[in-house]
Amino acid sequence: MKITVDEEKCCGAGQCVLLAPDVFDQREEDGIVLLLEPEPAADRHAVVREAAAVCPAGAIEASEIEAREIGASENEAGEDA
């Protein structure tokens with residue numbers, strides 16, 4: 001799973017932080033979402049989907065990463081080493 005956030009859309013409601021504080025945080029000055037973990041572990045996927053669903057501004061997008069994308073990323077990482 002890959003998470004993206006749109007800071008321009010965020011209204012600072014904080015529902016994402018309440019549901020998944022290890023994945024999301026908020027800026028001190030204005031409450032805008034901060035993404036702490038763009039690719040959360042599998043055990044966090046359900047709660048991250050819920051956070052995206054309850055976001056009143058629709059500022060969170062959760063997309064699934066296909067297995068071949070993961071494999072390609074691992075191959076590219078190995079080539080750079």
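Q: Is leucine 19 buried, partly exposed or exposed, and what is its relative accessible area?
A: Let's start with the scale: buried means under 20% relative accessible area, exposed over 50%, and partly exposed in between, with a 1.4 Å probe and protein chains only. Leucine 19 has a relative accessible area of 26%, so it is partly exposed. Keep in mind that this is a predicted model, in which local features need pLDDT of at least 70 and side-chain atom pairs count only at pLDDT 80 or more, while totals for chains, interfaces and linings use all residues. Residues are numbered from 1 along each chain as its sequence is written, and side-chain values use heavy atoms, with hydrogens and water left out.

Q: What pattern does the protein chain follow along the sequence?
A: Helices (H or I, at least four residues) and strands (E, at least two) are DSSP runs, numbered from the N terminus. Here the pattern is β-α-β-β-α-β-α, with three helices and four strands.

Q: Which residues does leucine 19 touch, leaving out those up to four places away in sequence?
A: Contact means heavy atoms within 4.5 Å. Leucine 19, which lies in helix α1, touches Arg44, Val47, Glu50, Ala51 and Val54.

Q: Which residues of helix α2 are buried?
A: In α2 (residues 45–54) they are His45, Val47, Val48, Ala51 and Ala52. They cover an arc of only 165° around the axis, which puts them on the same side of α2; the arc is that of the directions from the helix axis to the C-beta atoms. The face turned away from this buried side carries the exposed residues Ala46 and Ala53. The cover over the buried residues of α2 includes β1 (2–5), α1 (15–19), β2 (24–26) and β4 (60–63).

Q: What does the side chain of histidine 45 reach?
A: For a polar contact, look for a pair of N or O atoms within 3.5 Å; within protein, one must be able to donate a hydrogen and the other to accept it, and residues adjacent in sequence count only if both atoms are side-chain atoms. The side chain of histidine 45 reaches the backbone oxygen of proline 40 at 3.1 Å. Histidine 45 is buried, at 13% relative accessible area.

Q: Which residues touch the most other members of the largest nonpolar core?
A: In soluble globular proteins, nonpolar side chains tend to be buried together. A nonpolar core is a set of buried Ala, Val, Leu, Ile, Met, Phe, Trp, Tyr and Cys residues joined through side-chain atoms within 4.5 Å. Here the largest one has 17 residues, and Ile3, Cys16, Phe24, Val48 and Ile60 touch the most other members. Its largest share, four residues, comes from α2.

Q: How many disulfides does a search of the whole structure find?
A: A disulfide is a pair of cysteine sulfur atoms within 2.5 Å. The search finds zero. Cysteine 11 is in no disulfide, and its nearest cysteine sulfur, that of cysteine 10, is 5.9 Å away.
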